[in-house]
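Open the model in your viewer and get ready to select residues by number.

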Amino acid sequence: MNSIINFIISMMPYMLASVPVIILIRAAAYFINKKNNIHTTALHEMGFALLFMFIVGLASQTIIPRLLIDSSGISFAKIYGASSFNFIPGRIITTSLNCMSHGDYNYFIINFLGNVGMFIPLGLMIPLLWRCSVKKTILTGFLSSLSIELIQIFLPRCTDIDDLWMNTLGAVIGCLIYVLINKLFPGFTEKCKTHEENKTHSEY
């Protein structure tokens, strides 16, 4: 549990630093939407801000060097070491079972549940904020994970094929949560989306 808390805490400086960027993006979007008669909502704007901050936080833990804040100022930590690779699907399952058999559940929580859980918000928020099909959302989750793994090849980090399917599984779970919310509270999900004035849209 402490590892998860530390993981979230380490994301916070990057997420907070993204706020000015969000303001600039939404200010530009305001004029574009106005020109195209696209109406936005407070729920959509809040959701977009949360999703953008989450993506920045996710990048900080996967491809962006760790941020250091001390008396000398703000800087990025130097990353040392060599890249590592795992191209054997399912290795994380056997390793998790082996660790748990010895009473160590941290590996399973951090590496399995963590990799699945970190992509659930992506699978949930994309169809919630935009009129995006489940297939396109899952494909977005897969391609996002693939991009991270490919970038990590050139960094002193671990490129793992298990991360790819676990991240995609997280996106699938997020989509399923959206489908459930949409069935129970269709009015809420509709308020989270933008829409063109005098036009109606259908979910697909």
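At what angle do helix 4 and helix 8 pack? This is a predicted model, and in it the angle is about 90°. Select residues 91-101 to see helix 4. Angles of 65 to 115 degrees count as roughly perpendicular, so helix 4 and helix 8 are roughly perpendicular to each other.

Now show the side chains at this contact. From helix 4, pick R91, I92 and I93. From helix 8, pick D162, W165 and M166. Colour them by class: four are nonpolar, two are charged and none is polar.

Next stop: another helix pair. Select residues 19-35 for helix 2 and residues 42-62 for helix 3. These two pack at about 135°, with axes 10 Å apart. Helix 2 and helix 3 are therefore oblique to each other. Look for a right-handed crossing where helix 2 passes helix 3. On helix 2, the contact residues are V19, V21, I22, I25 and R26. On helix 3, they are H44, E45, F48, A49, F52 and M53. Eight residues of this contact are nonpolar, one is polar and two are charged.

Last stop: the largest pocket. Select F7, Q61, I110, N115 and M118, the lining residues nearest its centre. The space in this pocket is about 840 Å³. In total, 34 residues line the pocket. Colour the lining by class to find 18 nonpolar, 11 polar and five charged residues.

Key. Residues numbered from 1 in each chain as written. Predicted model: local features only at pLDDT ≥ 70, side-chain atom pairs only at ≥ 80, totals over all residues. Heavy atoms only, no water. Axes fitted to C-alpha atoms, helices over the stretch in contact; angles between N-to-C directions. Helix = DSSP H or I, 4+ residues; strand = E, 2+ residues; numbered from the N terminus. Parallel < 35°, antiparallel > 145°, perpendicular 65-115°, else oblique. Left-handed = near helix turned anticlockwise from the far one by under 90°. Contact = heavy atoms within 4.5 Å. Nonpolar A, V, L, I, M, F, W, Y, C, P; charged D, E, K, R; others polar. 1 Å grid on protein atoms, 1.4 Å probe; cavity = no way out; pocket = protein on both sides within 12 Å on 5 of 7 lines; lining within 4 Å. Points joined across faces, edges and corners; volume = space filled by probe spheres on them.
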